[in-house]
Amino acid sequence: MPSQQRSPYRSRGQQTRTGFTYAIGYVVLIWAVHIVNVVIFGGRLTYFGIHPLDPSSLPHILSSPILHANFEHLMSNTIPGAIFAFLIGYSGHRVFWEVTAFVVLVGGIGTWILGGLGTNHIGASMLVYGWLGYLLVRGFFNRSGSQIALAGVLGLMYSGFIWGVLPMQDGISWQAHLFGGLGGVAAGVLITSDDPPELQARKQSRKAEKQARRQAR
């Protein structure tokens with residue numbers, strides 16, 4: 001009986017389910033952590049934010065994005081974060097985790113270096129800005145017209161976010177916003193797992209042609 005190869009491309013239904021998985025998972029995670037922090041730890045988990053230039057807080061780069069100062073802080077990151085997590089998760093598991101890794105590492109390290117001595121940086125806004133940065137640029141680098149159109153819509157809807165990367169308000173981690181956003185832009189430039197099928201096919205075709213020319217020499 002002949003074997004059948006599975007298609008590497010997922011249906012829209014599968015993509016939608018993956019997107020909702022990440023959107024819901026994001027919301028459940030940040031809310032669960034905050035409730036546990038408030039109810040059980042009396043808010044003391046906020047210690048595990050980023051303390052700039054303190055070597056002992058370097059591991060906190062991983063914990064700071066899921067901690068929040070209060071419910072207002074938490075709410076401000078819930079809806080945009082869920083929307084962006086869905087849109088990136090729609091492209092697949094690998095894309096979501098690659099983009100998130102760029103955002104957390106670039107955003108976290110940048111904040112740790114330039115966040116200011118004696119401060120503590122927490123909040124999912126690093127993820128929010130990073131995911132948005134990625135969504136705004138990815139279409140230009142993977143040559144997707146639909147993603148460029150989406151970037152235009154998001155740019156109009158969230159244009160006010162630009163003020164969050166400027167040092168205009170005390171108590172707001174503009175460093176996390178700025179470096180998180182830069183991490184997202186870097187992901188949009190560098191990763192290839194989000195390439196549309198047509199672009200992947202063209203790249204594979206060019207690669208095959210180069211190999212054929214080398215073999216012909």
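**Labels and what backs them**

Leaving aside neighbours within four places in sequence, Phe84 is in contact (heavy atoms within 4.5 Å) with Val128, Trp131, Leu132, Leu135, Leu154, Tyr158 and Phe161. This is a predicted model, where local features need pLDDT of at least 70 and side-chain atom pairs count only at pLDDT 80 or more, while totals for chains, interfaces and linings use all residues. Residues are numbered from 1 along each chain as its sequence is written, and side-chain values use heavy atoms, with hydrogens and water left out.

Q: What makes Phe96 count as buried or exposed?
A: Buried means under 20% relative accessible area and exposed over 50%, with partly exposed in between (1.4 Å probe, protein chains only). Phe96 has 5% relative accessibility, so Phe96 counts as buried.

Q: Which residues does Phe96 touch, not counting those up to four places away in sequence?
A: Tyr22, Ala85, Ile88, Gly89 and Trp131. As for Tyr22, it sits 74 residues from Phe96 in sequence, yet their C-alpha atoms are 8.3 Å apart.

Q: Why is helix 2 called oblique to helix 3?
A: Helices here are DSSP runs (H or I, at least four residues; strands are E, at least two), numbered from the N terminus. Helix 2 (residues 71-89) and helix 3 pack at about 130°, axes 8 Å apart. Axes are lines fitted to C-alpha atoms, for helices over the stretch in contact, and angles run from 0 to 180 degrees between N-to-C directions. Under 35 degrees is roughly parallel, over 145 roughly antiparallel, 65 to 115 roughly perpendicular, and the rest oblique. That's why helix 2 is oblique to helix 3.

Q: Which residues make that contact of helix 2 with helix 3?
A: Ala85, Ile88 and Gly89 come from helix 2, and Val95, Phe96 and Val99 from helix 3.

Q: What do the buried residues of helix 6 pack against?
A: Helix 3 and helix 4. The buried set in helix 6 includes His177, Phe179 and Gly180.

Q: How many helices and strands does the protein chain have?
A: 7 helices and 0 strands. Buried residues make up 42% of its 217 residues.
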